[in-house]
Amino acid sequence: MAGFLEYARSLPTPTIYDAIRHAHPFPRRRAFRVPHSTLRHFDRLREMPQRLLHVGDVICSFDPVFGQGMASAALQIMALGNLLTERKNHPGWLDGLEQAFFRKAARVVQTPWDLAAKSHFEAGDSNTGSQREYEQFQVLSRRAMEDAGIHRVLVEVFQLVRLYEELRAEQGVAPSTRAALAGD
Ligand SMILES: Cc1cc2nc3c(=O)[nH]c(=O)nc-3n(C[C@H](O)[C@H](O)[C@H](O)COP(=O)(O)OP(=O)(O)OC[C@H]3O[C@@H](n4cnc5c(N)ncnc54)[C@H](O)[C@@H]3O)c2cc1C
């Protein structure tokens, strides 16, 4: 504990040290019961029971350390709402809704999934990404420390107001940001 406090005191700003200097550690350690993330590709199934939709964690759940599960579930519900609005005036509007929804849900969960997968990859899980993707992300994160434009874009991706995949083609993003995202 003394070493931990000493480290906090050595940080460039005193904010964390001031917050924890008089704190007491919990007497008992507790671990999250689900220390992994899961993505299920319902969009790739050839056959599905009709008019049965899965939403939320059952499509994509995260190791709680990432804190993306509720936002991911909300994005899925927004996608479902938009889909229902688009279809409601057409005859047979519920036919095929499952596949249309699962394709949209797969798209909206891709960004939080990619962000979580990169951290899993860093921790040694090679099923969750490629070395090249991981290195590109590291370059981008380093550039974000010096380039306010890249930093803003990255924050928007982390806050799930932008899709990660859209950024390379995005006209409103500065060329340096696009180059960094492309790994150039
Ligand atoms: C420790 C922890 C911390 C988290 N922190 C964050 C965070 O900071 N930010 C964030 O965005 N997300 C966080 N999450 C994730 C978030 O809680 C989930 O992503 C979100 O609740 C998923 O919503 P859901 O509706 O899919 O599932 P749930 O919220 O799990 O809802 C499923 C419901 O179904 C009920 N149920 C299950 N089986 C049955 C059954 N057979 N019959 C009837 N009812 C049933 C359950 O009781 C539950 O009420 C955290 C998760 C954990 C575990």
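Author: Contact means heavy atoms within 4.5 Å of each other. Leaving out residues up to four places away in sequence, Ile16 touches Ala8 and Leu11. The model is a predicted one, where local features need pLDDT of at least 70, side-chain atom pairs count only at pLDDT 80 or more, and totals for chains, interfaces and linings use all residues. Numbering starts from 1 along each chain as its sequence is written, and side-chain values use heavy atoms, without hydrogens and water.

Reader: What is the place of Ile16?

Author: Ile16 is in helix 2, which covers residues 15–20. Helices (H or I, at least four residues) and strands (E, at least two) are DSSP runs, numbered from the N terminus.

Reader: Why is Ile16 called partly exposed?

Author: Its relative accessibility is 48%. Buried means under 20%, exposed over 50%, and partly exposed in between (1.4 Å probe, protein chains only). The value for Ile16 lies between those limits, so partly exposed is the term that applies.

Reader: How many helices and strands does the chain have?

Author: There are seven helices and two strands. Starting at the N terminus, the order is α-α-β-β-α-α-α-α-α. Of the 184 residues in the chain, 32% are buried. Among contacts with a separation of 6 or more, 55% are between residues 24 or more positions apart.

Reader: What makes Ser72 a buried residue?

Author: Ser72 has a relative accessibility of 1%, which is under 20%, and therefore counts as buried. Ser72 belongs to helix 3, residues 69–87. Beyond four places in sequence, Ser72 touches Cys60, Phe62, Val109, Pro112 and Leu160.

Reader: How do you know that Leu97 is buried?

Author: The relative accessible area of Leu97 is 8%, again under 20%, so the residue is buried. Leu97 sits in helix 4, residues 97–122. Outside four places in sequence, Leu97 is in contact with Leu53, Leu83, Leu84 and Arg87. Leu97 and Leu52 are 45 residues apart along the chain, and their C-alpha atoms are separated by 9.2 Å.

Reader: Why is Arg51 called exposed?

Author: Its relative accessible area is 55%, over 50%, so Arg51 is exposed. Arg51 lies in the loop between strand 1 (38–39) and strand 2 (60–61). Arg51 is not a glycine, yet its phi is positive, at about 60°.

Reader: Which class does Leu160 fall into, buried or exposed?

Author: Leu160 is buried, because 12% relative accessible area is under 20%. Leu160 is in the loop between helix 6 and helix 7, just after helix 6. Leu160 is a residue other than glycine with a positive phi, near 65°.

Reader: Why is Arg162 called buried?

Author: Arg162 has a relative accessible area of 16%, under 20%, so the word is buried. Arg162 is in the loop between helix 6 (148–158) and helix 7 (175–181).

Reader: What joins the side chains of Arg162 and Glu156?

Author: A polar contact of 2.4 Å joins them. Such a contact is a pair of N or O atoms within 3.5 Å; within protein, one must be able to donate a hydrogen and the other to accept it, and residues adjacent in sequence count only if both atoms are side-chain atoms. At the start of helix 6, a side-chain oxygen of Asp147 comes within 2.8 Å of the backbone nitrogen of Gly149.

Reader: Which residues in helix 6 are buried?

Author: Ile150, Val153, Leu154 and Val157 are buried in helix 6. Viewed down the axis of helix 6, its buried residues fall within an arc of 100°, so they line one face of the helix. The arc is taken from the directions from the helix axis to the C-beta atoms.

Reader: Which residues surround the ligand?

Author: Phe32, Val55, Gly56, Asp57, Pro64, Gly67, Gln68, Gly69, Met70 and Ala71 surround the ligand, a residue being near a molecule if one of its heavy atoms lies within 4 Å of it. A ligand nitrogen is 3.3 Å from a polar backbone atom of Gly67, and a ligand oxygen is 3.4 Å from a polar backbone atom of Gly69.
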